[in-house]
Amino acid sequence: MLNLRDYQIEAIESIRNAYRTGNRKVMYVLPTGGGKTVVFSEICRLASLKKKKTVIFVHRKELYYQASAAIYNHIDRENLLYVKVAMIQNSKKINVEDAEFVIFDEAHHVSASSYLSVIRRNPNMKILGVTATPSYESARVFDRVIYGPDITTLINRGYLSKFVYLCPKTIVDTAKLAVTKNDFDVGQIQKLLSNKSVYGDLAKIIKEDYPEKTFIVFCSNIQHTKNTLDGIKEMGVKAEMVTGDLDIRVRKESLEKLARREIRCVVACDAISEGVDVPNVDACILMRPTKSRTLYIQQVGRVLRPHPSKQFSYVIDLVGNVMIHGLPDMPPPPLKPPRQKKTESNSNSQKVEICKNCYGCYDSSIHGKLCPHCNYEAPLKPKKKKIFSIKNDEIIEVQRDFVKPELWNPTWDIPGWRYAIKDLDTVEKLNEFAKYKKYKKGWVHKIMESRKRR
Ligand SMILES: [Zn+2]
């Protein structure tokens, strides 16, 4: 038997209620690390007790093994025959026509044709999709979306680790990156970030700044991962690589070495970002700028697993993802159709403040200008320096500390620092003002001429 947390019991109740009230396709949203596998395993068990045939579709080998292990451990032997775990890539070979229940893991992919065709093949079966990061396109496939607790709640209750988010520097200007398939071009990122100075930054963070911690470094593609691994190993960092083209046993071994602290670092591209548990890793370093909130949250989620050996998890963002997506515990942007998504910027990112003293990132709508990590108070942003707006003889505003002291005219000392050009009533005053403003010679002449005409 699994020990279910209260919100997991609640989730199962809400999901079953949704079916009872006539919904056929239900999506359940829970942050990475919240235990989605536990929730759907229990639902499978309850279905298997009633001899209902269930198929669980996953899209990666790791998830296949993870789901199979969970089902095997959780469901009574005599009922195991009612539950099947399958890869979505093989869905055509899987009989769903007589299934009563289908579960999609990582259901943000569900708008892809392979998933949709499974749904179409049997209009009677119930569907459950689970994900941490629903998209508009995936959510609209379902009749009902049920939300579990958010990241902040799970952190406050100790189910996820507290974290410190640091953005010490941004080594890539994302504005200049090409965009392919709705995300930054991974090949371009690889070329930009495969160099000695970047490896030096990484080696310094791992060896000098945090000599006690273990790391996952997330890169953009396999070549970038290989380059980075070679680069930091050359600089004396004990590291191994985890990519999708490696055998799963090799990958597992590297992660176990990391867990035992025999190596300091695992360099990965996205193979590790879904479905692999490394609970005691201390920190991740983000080296892949991404427009995908799903990828961002999944990568950060890898290090948020709580473990007695760590008080905080560290996220070190070298590519400015926090400025695109906001902090991981900020509420996700509302689900909107993609056309609207393009023009709107994620409002979360506008609330992120990066401390100039400790590089810690925080939500300025909560903490204002005071860094919660080091108590450094950020200076107020200087007012825009556009202090003279002159339309002929209209009122202008003069800010004293902006004007060179030797050029300051005492007659400009008016309460509120407001001044009107019409009060520059002599050629001398106009000349002085024009000198300060570096106006062309003709300006004074023009003003004088216009006054004569009146
Ligand atoms: Zn600070």
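Strand S11 and strand S12, the latter spanning residues 265-268, pair in the parallel sense over four bridges, and within this pairing Met-241 stands opposite Val-267 of S12. The model described here is a predicted one.

The two strands belong to an open sheet of six strands, whose order is S7-S14-S13-S10-S12-S11 and whose pairing is parallel. At the edges of this sheet lie strand S7, residues 162-166, and strand S11, residues 239-242, each of which pairs on one side only. Averaged over the sheet, and with direction ignored, neighbouring strands are turned by 20° against each other. Helix H9, formed by residues 222-234, lies across strand S10 (215-218), S11 and S12, and the helix runs at about 175° to S11.

| Element | Residues |
|---|---|
| Strand S7 | 162-166 |
| Strand S10 | 215-218 |
| Helix H9 | 222-234 |
| Strand S11 | 239-242 |
| Strand S12 | 265-268 |

Two packed helices are described by the angle between their axes and the distance between the axes. For helix H16 (residues 427-437) and helix H17 (residues 442-453), the packing angle is about 140° and the axes are 9 Å apart, and H16 passes H17 in a right-handed crossing. On the side of H16 the contact is made by Val-427, Leu-430, Asn-431 and Ala-434, while H17 contributes Trp-443, Val-444, Ile-447 and Met-448.

Gly-35 is found in the loop between strand S1 (25-29) and helix H2 (36-49). Is this residue buried or exposed? Gly-35 counts as buried because 21 other C-beta atoms lie within 10 Å, where the cut-off for a buried residue is 20 or more. Once its neighbours within four places in sequence are left aside, Gly-35 is in contact with Arg-5 and Gln-8. Arg-5 lies 30 residues apart from Gly-35 along the chain, and the C-alpha atoms of the two are separated by 9.1 Å.

For the chain as a whole, the secondary structure amounts to 17 helices and 18 strands. Of its 454 residues, 40% count as buried. Among contacts between residues at least 6 apart in sequence, 72% join residues at least 24 apart.

Conventions
Residues numbered from 1 in each chain as written. Predicted model: local features only at pLDDT ≥ 70, side-chain atom pairs only at ≥ 80, totals over all residues. Pairing = 2+ DSSP bridges. Axes fitted to C-alpha atoms, helices over the stretch in contact; angles between N-to-C directions. Contact = placed C-beta atoms within 7 Å. Left-handed = near helix turned anticlockwise from the far one by under 90°. Buried ≥ 20, exposed ≤ 12 C-beta atoms within 10 Å, placed from the backbone.
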